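Please read the account below alongside the sequence and the coordinates, following each residue and element in turn.

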Amino acid sequence: VIPAAIQVSACLAVHNRLLPALTHLVDAIRRRADELAQVVKTGRTHLMDAMPIRLDQELGAWAAQLGSNRARLEHALTSVRQLPLGGTAVGTGINADPGFSREVVAALAGISGYPFEVAPDLMVPIASKDEIVALSGQLKALAAGAMKVANDLRWMNSGPLAGLGEITLPTLQPGSSIMPGKVNPVIPEALAMVCARVMGND
């Protein structure tokens, strides 16, 4: 039961919470990119000035990267949703009714609304958690992509006098302990902390 519970909770958390949030984020970035299609900025490599780019191209790249992360997460779920219920202790199904796996997994799918399946070989997901390791790797890849977006936003917003100052993020938490006029990019920084935690979990 415990191996299956790990897989069920992972599937439902990613499918019901993370994927919709990612879809919303990608859509929001694309909408903002459309609004900024005429804004030209400096492109950079190694933090040094390079060829000019449009701001919508930069945002479009963020959306494409996060969209690819979303697709990889969906693909990872195809194996995570294959449950070893009914395999009993070692995956042979000894002492379980022959219809147990099929009926219980069908009931779980009905209750949750998620298309859980019986694992093709019950021994594999009981003896190892390869599918969870793969999912964790995709979560880490998403965290790396989101960290890149957070860092880009922090760089472009840096200043206002001695930084890049290319964009101005909304003032959500003005002031600091010794500099009342200072405004930190708190949302990108909070995102960066979450990303670091996800990377550390893998």
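In this predicted model, Asn16 has its place in helix 1, which spans residues 2-35. With a relative accessible area of 46%, Asn16 falls between the limits of 20% and 50% and is therefore partly exposed. The side chain of Asn16 makes a polar contact with the side chain of His15, at 2.9 Å. Ala96 lies 80 residues away from Asn16 along the chain, and the C-alpha atoms of these two residues are separated by 31 Å.

Helix 1 also takes part in helix packing. Two packed helices are described by the angle between their axes and the distance between the axes. For helix 1 and helix 5, the angle is about 25° and the axes are 12 Å apart; because angles under 35 degrees count as roughly parallel, helix 1 is roughly parallel to helix 5. The crossing of helix 1 and helix 5 is left-handed.

Helix 5, comprising residues 130-157, is also packed with helix 2, residues 55-80, where the two axes come within 8 Å and cross at roughly 165°. Since an angle over 145 degrees counts as roughly antiparallel, helix 2 and helix 5 are described as roughly antiparallel to each other. The crossing of helix 2 and helix 5 is, again, left-handed, and the residues of this contact divide into 16 nonpolar, five polar and five charged.

Pro160 belongs to the loop between helix 5 and helix 6, the latter covering residues 186-201.

His46, in the loop between strand 1 (40-45) and strand 2 (48-54), has a positive phi of about 60° although it is not a glycine. Asn95, in the loop between strand 3 (82-83) and helix 3 (100-112), likewise has a positive phi, near 70°, and is a residue other than glycine. As for accessibility, the cut-off for exposed is over 50%, so His46, with a relative accessible area of 77%, is exposed, and Asn95, with 80%, is exposed as well.

The cysteines remain to be considered. How many disulfides does the structure hold? The structure holds zero disulfides. Cys11 has 0% relative accessibility and therefore counts as buried, the limit being under 20%, and Cys195, at 3% relative accessibility, counts as buried too.

Key
Residues are numbered from 1 along each chain as its sequence is written. Side-chain values use heavy atoms; hydrogens and water are left out. Axes are lines fitted to C-alpha atoms, for helices over the stretch in contact, and angles run from 0 to 180 degrees between N-to-C directions. Helices (H or I, at least four residues) and strands (E, at least two) are DSSP runs, numbered from the N terminus. Angles under 35 degrees count as roughly parallel, over 145 as roughly antiparallel, 65 to 115 as roughly perpendicular and the rest as oblique. A crossing is left-handed if the near helix is turned anticlockwise from the far one by less than a right angle, and right-handed if clockwise. Ala, Val, Leu, Ile, Met, Phe, Trp, Tyr, Cys and Pro count as nonpolar, Asp, Glu, Lys and Arg as charged, and the others, Gly among them, as polar. Buried means under 20% relative accessible area, exposed over 50%, partly exposed in between (1.4 Å probe, protein chains only). A polar contact is a pair of N or O atoms within 3.5 Å; within protein, one must be able to donate a hydrogen and the other to accept it, and residues adjacent in sequence count only if both atoms are side-chain atoms. A disulfide is a pair of cysteine sulfur atoms within 2.5 Å.
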